[in-house]
Amino acid sequence: MQRSEVNNQLIWVLALLIVTIILFVTGKLRMDVVALLVIIVFVLSGTLTLQEATAGFSDPNVILIAALFVIGEGLVRTGVALQMGEWLVKMAGSSESKMLILLMLTVSGLGAFMSSTGVVAIFIPVVLSVAVKMGTAPGRLMMPLSFAGLISGMMTLVATPPNLVVNSELQREGLPGFGFFAVTPIGLVILLLGVAYMLVARWWLVLPSEQHQQSAARHRRTFRDLIRDYKLTGRARRLSIRVGSPLVGHRLDDLQLRERYGANVVGLERWHKFRRVMVAVTGSTEFRARDVLLIDMSAADIDLREFCGEQLLEPLVLRGDYFSDRARDVGMAEVSLIPDSELPGKTLRELAFRSRYGVSVVGIRRRGEVLDGALVDETLELGDILLVIGDWKLIMQLQQQKRDFIVLNLPAEVDDMAPASSQAPHALFCLALMVAMMLTESIPNPIAALIACLLMGRFRCIDMESALRAIHWPGILLIVGMMPFAIALQKTGGVALIVQGLMEFAGGSGPHIMLICLFVLCATIGLFISNTATAVLMAPIGIAAAHQMGLSPYPFTMIIAIAASAAFMTPVSSPVNTLVMAPGGYRFSDFVKIGVPFTLLVLVVSVLLVPLLFPF
């Protein structure tokens, strides 16, 4: 009876795991919400105790991962990361091959100490800028960028959450964890292999739009290019508010000008000390007499004369096309939605986009085509590129906003900005101190990271608000929520069952075949769920397989950590791949064509190297 009860519990856990994976794949619910639901279901069903189900919240590595997000943000805010990009442009010159090599080496080096997704997000605009200067297609460099981001996870223990998850599982078993640079020799070999591979594989990326991309890349895009590409010609109006206008004294949101007239207010000139100055427009902006409105008329069928007559507005001269004469005050930029953004599936109206970010969306490009008509009720999709317009300061602030989208292109009208801050040396000191403390092992890794975080705050590299925003809470909750599965599978005999299957299939063929099986199983699961969740599920299996064979668990857990980072095969295998898909102009098949052969190469290299560094 007891055995039957255990079997029933195992079936229940496996069924819950399958449902969880389906929810991850379909995206019906946010991944962090699914993870929290898993904790609740495990406790209410009696499968796990409250302490077992919430064990992830007390895991020191969760604190370490959160602290690393903060440190990465400190490097971004002080300009350290972007300075590396500027150095890259200077060193590469006009050589595409040299650019590819330096790009992959730089991204892998930075990604060894901060989020690979964050590093790739920082370098996408850099790569686009380089492509313009070199007259090459961005697609030639975007995939090397994403591959380098993934390989960076194999460079140090703290480079990616799967490494920390595997290390935590070893410690939970009462075994010493991996050293800070334990994975580095393997990562360096794979990095060199990746550089050589991409120097050849980039020629396989024959993109349909490449000729157009190369043509567009020969010159830096200007306001006029964006106006033409997003079909904005003829939509701009410059209107002065007369005394007695019904607009005076009312907030922009209350007037509903977009809904009533298709008039999107993107800028505002206001008299201040005997001259007109530009004022950032939000939904709460209150209009005054003599204000001058810069309006995007998205509805072509509106009678402008009737609109001005009803609202007592006076048309003024507009020099240039679509505010190109106001480029010093009104900025434009293209931004791209990112995988973890909350924007897809919602309309601009639902998001209160202008009130939230202070800029207006005047164009949307989807799968290469510009959408027509009113955009405010258009449901956003992942991969959309938005053209925003507004105050330059607010547009530059968008570059610090990495949660929902990244800034792809700034037109030539904006001066090249050097984001390096006087606090950059302090940020580098904090990073070096953290690495030194981790190497000496005199202080636990989470404490070393927390010390570095506090010092960054003390040196004003980052403030508390930015630090809290930098932590990727959905990722943290995902780790916490998936940990109970590992405990439940062990408790109900699921791990033993999977290990038994592996032993029957490969146990008699030697440990190298078992390494291959673990790598393939891990890479396959990683096609459907995140690499972090994959590591959480696979780490106990690798340790149990090692014990069953009477061998050291270190080579088996290391192969799992490497396989979890080898998410090269599809654009949805990792947020890093999804991030470069639209800017690179890639199709799903491009990742399969380039990623599958490289994953097989990583498999061969890993199976040969891991036993040499971590003997059976």
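Which residues form a nonpolar patch on the surface? I looked this up before anything else. The patch is made of Leu29, Val33, Leu37, Ile40 and Leu44. Together these residues have about 440 Å² of accessible area. I checked one of them, Val33, and found its place in helix α2, which covers residues 31–45. Val33 has a relative accessible area of 34%, so I noted it as partly exposed.

**Entry: the whole chain**

I am working from a predicted model. I counted 28 helices and 10 strands in the chain. The chain has 616 residues, and 54% of them count as buried.

**Entry: strand β9 and its partners**

I turned to strand β9, residues 385–391. Six of its seven residues are buried, so the strand is largely enclosed by the rest of the structure. Which strands pair with β9? Strand β6, residues 330–337, runs antiparallel to β9 and is joined to it by seven bridges. In this pairing I found Gly331 opposite Gly390 of β9. Strand β7, residues 360–366, also pairs with β9 in the antiparallel sense, over five bridges. Here I wrote down Arg365, whose bridge partner in β9 is Ile385. As background, I noted that side chains in a regular strand alternate between the two faces of the sheet.

**Entry: salt bridges**

I got a count of seven salt bridges. Side chains of opposite charge can pair when their charged atoms come close. Which residues are linked with Arg366 in a network of salt bridges? I found Glu378, Glu381 and Asp384 in that network.

I took two of the pairs in turn. Arg366 forms a salt bridge with Glu381, and the closest N and O atoms are 3.6 Å apart. Arg366 lies in strand β7 and Glu381 in the loop between β8 (369–370) and β9, so this pair ties together parts that are 15 residues apart in sequence. Arg366 counts as buried at 9% relative accessibility, whereas Glu381 counts as partly exposed at 31%.

Arg366 also forms a salt bridge with Asp384, where the closest N and O atoms are 2.8 Å apart. Asp384 is in the loop between β8 and β9 while Arg366 is in strand β7, so the pair ties together parts that are 18 residues apart in sequence. Both Arg366 and Asp384 are buried.

I looked at another pair, Arg251 and Asp254, whose closest N and O atoms are 3.1 Å apart. Arg251 is partly exposed, with a relative accessible area of 31%.

I looked up helix α26, residues 554–565. Its 12 residues reach 17 Å from first C-alpha to last, close to the 16 Å expected. The helix is mostly covered, with 11 of its 12 residues buried. Among the buried ones I listed Phe556, Met558, Ile559, Ile560 and Ile562.

Is Phe568 buried or exposed? Phe568 is buried, with a relative accessible area of 0%. I found Phe568 in the loop between α26 and α27 (575–584). Leaving aside neighbours within four places in sequence, its contacts include Phe147, Leu150, Ile151, Met154, Phe591 and Phe598. I followed up Leu150: it is 418 residues from Phe568 along the chain, yet their C-alpha atoms are separated by 7.7 Å.

Helix α6, residues 96–111, has 16 residues. I found that it reaches 22 Å between its end C-alpha atoms, close to the 22 Å expected. Its buried residues include Glu96, Met99, Leu100, Val107 and Gly111.

In helix α9, residues 161–172, I picked out Asn167. Asn167 counts as buried at 4% relative accessibility. Not counting residues up to four places away in sequence, Asn167 touches Leu157, Gly177 and Phe178.

**Entry: positive phi values**

I noted two residues other than glycine with a positive phi. Leu312 has phi near 55 degrees and is in the loop between α15 (304–311) and β5 (313–315). Leu312 counts as partly exposed at 29% relative accessibility. Arg460 has phi near 60 degrees and lies in the loop between α20 (445–458) and α21 (464–470). At 66% relative accessibility, I put Arg460 down as exposed.

Methods. Residues numbered from 1 in each chain as written. Predicted model: local features only at pLDDT ≥ 70, side-chain atom pairs only at ≥ 80, totals over all residues. Heavy atoms only, no water. Helix = DSSP H or I, 4+ residues; strand = E, 2+ residues; numbered from the N terminus. Buried < 20%, exposed > 50% of the residue type's maximum accessible area, 1.4 Å probe, protein only. Patch = residues over 30% accessible without salt bridge, like charges linked within 9 Å, V, L, I, M, F, W, Y side chains within 5 Å. Areas by Shrake-Rupley, 256 points an atom, 1.4 Å probe, with all protein chains shown as cover. Salt bridge = Lys/Arg side-chain N within 4 Å of Asp/Glu carboxyl O. Pairing = 2+ DSSP bridges. Expected span 1.5 Å × (residues − 1). Contact = heavy atoms within 4.5 Å.
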